[in-house]
Amino acid sequence: MIFNRLLGSAASVLLMAGAAQAQTMIEIDRDAPIGTIAPEVYGQFVEHLGAGIYDGIWVGEDSGIANTDGIRDDVFAALDRLDVPVMRWPGGCYADLYHWRDGIGPREQRAGTVNMAWGGTPESNQFGTHEFFDLAERLGAKTYLNVNLGTGTPGEAQAWLEYITLPEGSDLAEERKANGREEPWTIDYLSIGNETWGCGGNMRPAYYADLYAQWATLLKTAGEMPKRVISGSHEGNIDYSGEILDHPGMGELADGISLHYYTLPTGDWGDKGEATGFPEAEWNSTITRTLRMEEAIEQSLAMIDKHELGQDFGLYVDEWGMWVNGPEGAPALYQQNTIRDAVVAALNFHLFHEHADRVPMTNIAQMVNVLQAMILTDGPDMLLTPTYHVFEMYRPFQGATALPVSLDAPMIGEGEGAFAAISATAALTEEDELVVGLVNADPNAAHRVTMAAGDARRARGRVLTADSIDAHNTFDAPDTVVPEALSVRARDGSFTVELPPRSVTVLTVE
Ligand code: AHR
């Protein structure tokens, strides 16, 4: 069977996808680029929560675990390979309880507090401002600071910004220097408050809008101002963001508004579904719910447009990812991560690429040991999750130009729960290479994809797949789900690739 034909236009690339039963044509339009995929679309979120920072990232200089200035070396090296573009810190819900002065100065003298946002666990404050900004600097990552609107004051936040960014000339700048950091750091993104509809204060949107406007007017950094992000709604409550934006002048006071969207396999916060050992029906519902991100993005953008804030007013999806039931007795929000998480991550990337012109940053929740993590640790041991591998495989998309892709994939399931078996994304890298991401979300069947790419000779990349829908890496078997190399030769200018069931593939066309 012929799956492919060359379109003959240098300006377009044709893909055709098919299964044994069905055949789908995918077209990539090079003539109408969507926009640059900001590297920050591959951003991370680091909250003081469970083992997200302590044990996961920070072990302290005296630890038996190899570390540099208290940051574990194994985790750092793994993160470094991801080209982490930006990190959001210190929360989340915790941001609204965080007082920055607790986390500066000699570590042995730092305040011992409790993390009332997440189970009243002890908080040693060993990881604070210096540790976060130094980590970001070592990783070459931008910084996204979430200031404490809930239990803080504008004065406290302003002092923090001055401490971080003022080169010299004030007591706060001198205090930073005395604490070991001569040069100021850069705050690239700033959010005022978090989930103000919930843990951040259960506020009416108009009340938060007044507070936001007041704080955004008063808060200043030295040098260039960070991009300012209003804390917006979650997917079920887009109107909340709309009412915030009703406040006059938000276009001048903010660069965008956030959206939080979590994928719960069951959709039920009381029983979200298990990380492993789940039924196939929950694989399917997870895919369906993930794909509803598109609706949430489009509703949010429509709401921004209704307020005439312009195309540059961004939608920041600064919390997203899988949220499942955690194991008994584990640190807060610790969960295992399977090939399902990898597929979920890639499907979200594809949706973000489709809106690259309007979504300047996203932050998966969260980086280490929390929710859909890149990395899990257990004492001195560390493993890379399937989600880690997908972030690593999609690195070529950071900074690339997203191209429109159209396809007509076979459907899995029926009615509201139906979803397309195949999802595709494409972009041109800065080196003008075509990179293609392909997901086969079918839990059971392989699907064949055929790509026609003009005079291209070869496509190379990797595929991540697994034998079962809940396959995952463990500390005893950390390489159960790892990417494998894939090289496809062009025949008459076209490629045919068989996508295994439950798989993610990234190919660069050469
Ligand atoms: O990511 C975990 C929590 O989820 C964050 O602290 C909060 O903002 C959200 O509800």
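Predicted model: local features only at pLDDT ≥ 70, side-chain atom pairs only at ≥ 80, totals over all residues.
1. Let's start with Cys-93, which counts as buried because its relative accessibility is 17%. Here "buried" means under 20% relative accessible area, "exposed" means over 50%, and "partly exposed" lies in between, using a 1.4 Å probe and protein chains only. Residues are numbered from 1 along each chain as its sequence is written, and side-chain values use heavy atoms, with hydrogens and water left out.

2. What do Cys-93 and Cys-199 form? They form a disulfide, with their sulfur atoms 2.2 Å apart; the term is used for a pair of cysteine sulfur atoms within 2.5 Å. The structure holds one disulfide. The pair links distant parts of the chain, 106 residues apart: Cys-93 is in the loop between strand E7 (86-89) and strand E8 (113-115), and Cys-199 is in the loop between strand E11 (189-192) and helix H5 (205-218). Helices (H or I, at least four residues) and strands (E, at least two) are DSSP runs, numbered from the N terminus. The disulfide is left-handed because the torsion about the S-S bond of Cys-93 and Cys-199 is about -90 degrees.

3. The loop between E7 and E8 is also the place of Pro-90. A cis peptide bond joins Trp-89 and Pro-90, with omega about 5 degrees. Another cis peptide bond joins Ala-365 and Gln-366, with omega about -5 degrees. Gln-366 sits in the loop between strand E15 (361-365) and strand E16 (375-378).

4. Stay in the loop between E15 and E16 and you will find Leu-371. Its phi is near 50 degrees, a positive value in a residue other than glycine, and Leu-371 is buried at 1% relative accessibility. Asn-125 has a positive phi too, near 60 degrees. Asn-125 lies in the loop between strand E9 (121-123) and helix H2 (129-139) and is buried, with a relative accessible area of 0%.

5. Now for the salt bridges, each a side-chain nitrogen of Lys or Arg within 4 Å of a carboxyl oxygen of Asp or Glu. By this rule the count comes to 19. In one of them, the side chains of Lys-142 and Glu-40 meet at 3.0 Å, N to O. This pair links distant parts of the chain, 102 residues apart, with Lys-142 in strand E10 (residues 142-147) and Glu-40 in the loop between strand E3 (35-36) and strand E4 (43-45). Is Glu-40 buried or exposed? Glu-40 is buried, at 6% relative accessible area, whereas Lys-142 is partly exposed at 36%.

6. Arg-72 forms a salt bridge with Asp-74, their closest N and O atoms being 2.9 Å apart. Arg-72 is buried at 1% relative accessibility, and Asp-74 is partly exposed at 24%. Elsewhere, Glu-61, Arg-107, Arg-110 and Glu-131 are linked in a network of salt bridges.

7. Finally, have a look at helix H6 (residues 238-245), where Ser-241 lies. Ser-241 is buried, with a relative accessible area of 1%. The C-alpha atoms of Ser-241 and Pro-327 are separated by 34 Å, and the two residues are 86 residues apart along the chain.
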